[in-house]
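Subject: Handing over the structure

Hi there,

Here is the structure I promised to pass on to you. Please have a look at it first, and then read my notes below.

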Amino acid sequence: VPRPPLYLPLFCSKDFSKTYNAFREGVVGHPQNIQYMGVPDDSHCQTKYDMEYGQFYISIFIDPQSWLDNGRDYGFEFGVTNPPLEGMPPKEENVWRMDTVMSVVILHLKTGMAGYDLEQIKVVTVTFQDTTKRKTLHPLTFDVMSEKYIPGGSKIVVTGPDSFRVGCVFFRPIYGLSSTTTCLVKKPNIVEFTIDSQDPKKANTPFAIRVMWTNPEFTPQNNWWKVDLLSPLLKAIDVRDYIPGFDITDRVEVYVMGTFSYLAEVNPLRIMFLAQTIMNQADTGNELVVDAPLGYIFPAKCTGFRLRLTDNRQASPEDSANTGYPSGFVFPPAGTTCTGFDNNTVVVRLPNGAGMLKNNYTLEIDVENPGYRLNGTDTWQFFTRVRNENGTKIVDANRTVPGFSLSELVPLRTVEGGAWRSLSWLPFCLLALPLLLARSSAEGRL
């Protein structure tokens, strides 16, 4: 039974079975209403390689004293190691064949049998909170749902990119797993969770785990994550490879100030930030992104928009040199645009060929305050990024920018004519003052 390239057969003595179990968990593709006969007991298996086809195959030798009856259904099992996802042969090459041979004479031949596609875990998502470089105790949440039955005592193995580091401190199941699930660090970037033996999972049962990681200095070149589900005997149940990671960023210092912080009013914002990483002018699509808490609205047509150097030192050559920009350079460059989306996000995009040096900047823009006090956290987010046809890459980020409180704008109560009545006492005061002076003078003479 030759296999497509890159399929590696295991030793026949390990996973070879002379009978076929159609009711094994996870077995698909074969009808369960057929009574399969096993190959004769005196049969034995060998693993071979066909130089002509360039394929591995197994050869099952049947003793001459035994035979296979014509018209009967026979089944047997053997194991293979699947290729990696990137090494999966194309469809036209993913074909199998089977033949029966006696004394180098082919008795039966079946070619062009379609192979199977590699399955992956149905759902795996990685949720991060802080992409700052060298961030310790960064909680990552892994949400998983497999279409396979997961026996109790199985293992969930999470492999991160090489430069990430994991620890089991503060580990905990979020949902779907019992609190007796255990955590073990196998390698600096590999962690293993063991499900309680009394906590098996049915197919399509979602669960989530949170575990602490340490971010690397830079974004890994191979920025992929992997999740394996292994049986208690370390047999593969399911796997998900090439799970996209996230960009590692430097932390941008941001201060958000509202100049008219009243409920349901238009609030001219002043957002001062210090970019830690330059935005390269050779990159296409340099952008600034502000995410306000839900309830704030940036209109689609930006109002009150202005982007400037915080100190505005561009007048003289000496001051301009301190900013890093040449004398006479106008910031922001012509063609800078501001786009709102009638929600809590606004994007400022620099024109192609323009970037930003490490400096202090101020972004001024109007936002519509919510008509209620926020019930949740009042945290803002600020990003610098590059977005073009090649995708989106975060440069710097701050996801925990403190906001400001909102007050109710209460109208002042005034009394018409109140100012005139208060002035009507003035003549009486002026008349009483000479009398008091004269009295005090007379008492002094006495």
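Let me begin with a pair of cysteines: Cys 302 and Cys 338 are both buried, where buried means under 20% relative accessible area, exposed means over 50%, and partly exposed is in between (1.4 Å probe, protein chains only). Before going on, please note that this is a predicted model, in which local features need pLDDT of at least 70 and side-chain atom pairs count only at pLDDT 80 or more, while totals for chains, interfaces and linings use all residues. Residues are numbered from 1 along each chain as its sequence is written, and side-chain values use heavy atoms, with hydrogens and water left out.

**Disulfides**

Counting a disulfide as a pair of cysteine sulfur atoms within 2.5 Å, there are two. One of them joins Cys 302 to Cys 338, with an S to S distance of 2.1 Å. The torsion about its S-S bond is about -80°, so this disulfide is left-handed. Cys 302 sits in the loop between strand E19 (286–291) and strand E20 (306–309), and Cys 338 in strand E21 (residues 337–340), so the pair ties together parts that are 36 residues apart in sequence. Strands (E, at least two residues) and helices (H or I, at least four) are DSSP runs, numbered from the N terminus.

Cys 168 and Cys 183 also form a disulfide, with their sulfur atoms 1.9 Å apart. Here the S-S torsion is about -75°, so this disulfide is left-handed. The pair links distant parts of the chain, since Cys 168 belongs to strand E10 (residues 165–175) and Cys 183 to strand E11, 15 residues apart. Cys 168 counts as partly exposed because its relative accessibility is 25%.

**The sheet**

Strand E11 also takes part in an open sheet of five strands, in the order E11-E12-E9-E14-E15, with antiparallel pairing. Two strands pair if DSSP finds at least two bridges between them. At the edges are strand E11 (182–187) and strand E15 (236–244), each pairing on one side only. Five bridges join E11 to the antiparallel strand E12 (residues 190–194). Thr 182 has Thr 194 in E12 as its bridge partner.

**One more residue**

Finally, have a look at Val 105, which is found in strand E6 (residues 105–114). Val 105 counts as partly exposed because its relative accessibility is 46%.

Enjoy exploring!

Best wishes
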